[in-house]
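Biologist: I'd like to learn how to read a fold from the residue level up. Could you walk me through one, starting from a single side chain?

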Amino acid sequence: MRADTPERIGWDEYWIKITQDISLRSTCIRRKIGAVIVKDKIIVSTGYNGAPRGFPHCIERGCIRDELGIQSGTHHEICRGVHAEQNALLQAGRDAAGATLYVNAYPCKICAKMILNASIRRVVISGTYSDLEGIELLKCGGVNVIILEE
């Protein structure tokens, strides 16, 4: 490579940057989360957090968790939203097996269990989340977890 030619970013940085763009479609008032599942350097699926199909989005009706004063990382069952990782896994189906999932926040424990059952082999994360149980579940399940520095 010539000295005046800029270096290319690595694959993990490339895919993480794409999660940031995907997160811009999120309809969550609290956090914009994006996910991308990649296999053999090809995008298998993407997902962002938001209400299920046919339901009013939080940007339209407000956040029930905010209305009830629910702290981040707790009582996921009260939120009407579907997480970015969940949407990406649903879109990928069995093609997720052996792939890498990129996401711009720590997966919650529910998403971690889904990631394990989908046989994702690697999760690359930028950003944080208040609940660390998902990270521990992934590691205990043999998933290679990489947390990129912000």
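Modeller: Let's start with Thr19, which is buried, its relative accessible area being 0%. Buried means under 20% relative accessible area, exposed over 50%, and partly exposed in between (1.4 Å probe, protein chains only). Before we go on: this is a predicted model, where local features need pLDDT of at least 70 and side-chain atom pairs count only at pLDDT 80 or more, while totals for chains, interfaces and linings use all residues. Residues are numbered from 1 along each chain as its sequence is written, and side-chain values use heavy atoms, with hydrogens and water left out.

Biologist: Where does Thr19 sit, and what does Thr19 touch?

Modeller: Thr19 belongs to helix α1. Helices (H or I, at least four residues) and strands (E, at least two) are DSSP runs, numbered from the N terminus. Contact means heavy atoms within 4.5 Å. Setting aside residues up to four places away in sequence, Thr19 touches Gly34, Ala35, Val36, Tyr102, Val103 and Asn104. A polar atom of the Thr19 side chain also lies 2.5 Å from the backbone oxygen of Ile16.

Biologist: Is Trp15 buried or exposed?

Modeller: Trp15 is buried, at a relative accessible area of 4%. Trp15 is found in helix α1 (residues 11–23). Leaving aside neighbours within four places in sequence, Trp15 is in contact with Val36, Val38, Lys41, Ile42, Ile43 and Tyr102.

Biologist: Now the sheet. What is the strand order?

Modeller: Two strands pair if DSSP finds at least two bridges between them. Here, an open sheet of five strands has the order β2-β1-β3-β4-β5, with mixed pairing. β2 (42–48) and β5 are the edge strands, each with a single partner, so one side of each has no neighbour in the sheet. From one strand to the next, the twist averages 15°. Helix α4 packs on the sheet, touching β1, β2 and β3, and its direction makes about 135° with that of β2. For such angles, axes are lines fitted to C-alpha atoms (for helices over the stretch in contact), and angles run from 0 to 180 degrees between N-to-C directions.

Biologist: How should I read the two faces of a strand?

Modeller: In a regular strand the side chains alternate between the two faces of the sheet. Take β4 (residues 122–125): Arg122 and Val124 on one side, and Val123 and Ile125 on the other, are all buried.

Biologist: Which strands pair with β4?

Modeller: Strand β3 (residues 100–103) runs parallel to β4 and is joined to it by four bridges. Val103 stands opposite Ile125 in β4. Between β3 and β4 the chain passes through helix α5 (residues 109–117), in a right-handed β-α-β crossover. Right-handed means that, with the strands pointing away from the viewer, the path from the first strand over the helix to the second runs clockwise. β4 also pairs in the parallel sense with β5 (residues 144–147), over four bridges. In β5, Asn144 is the bridge partner of Arg122.

Biologist: And which residues touch the most other members of the largest nonpolar core?

Modeller: A nonpolar core is a set of buried Ala, Val, Leu, Ile, Met, Phe, Trp, Tyr and Cys residues joined through side-chain atoms within 4.5 Å. The largest one has 26 residues, and Ile37, Leu89, Leu101, Ile120 and Val123 touch the most other members. Helix α4 gives the largest share, four residues. A second, separate core of eight residues includes Ile16, Val36, Val38 and Val124.

Notes
A polar contact is a pair of N or O atoms within 3.5 Å; within protein, one must be able to donate a hydrogen and the other to accept it, and residues adjacent in sequence count only if both atoms are side-chain atoms.
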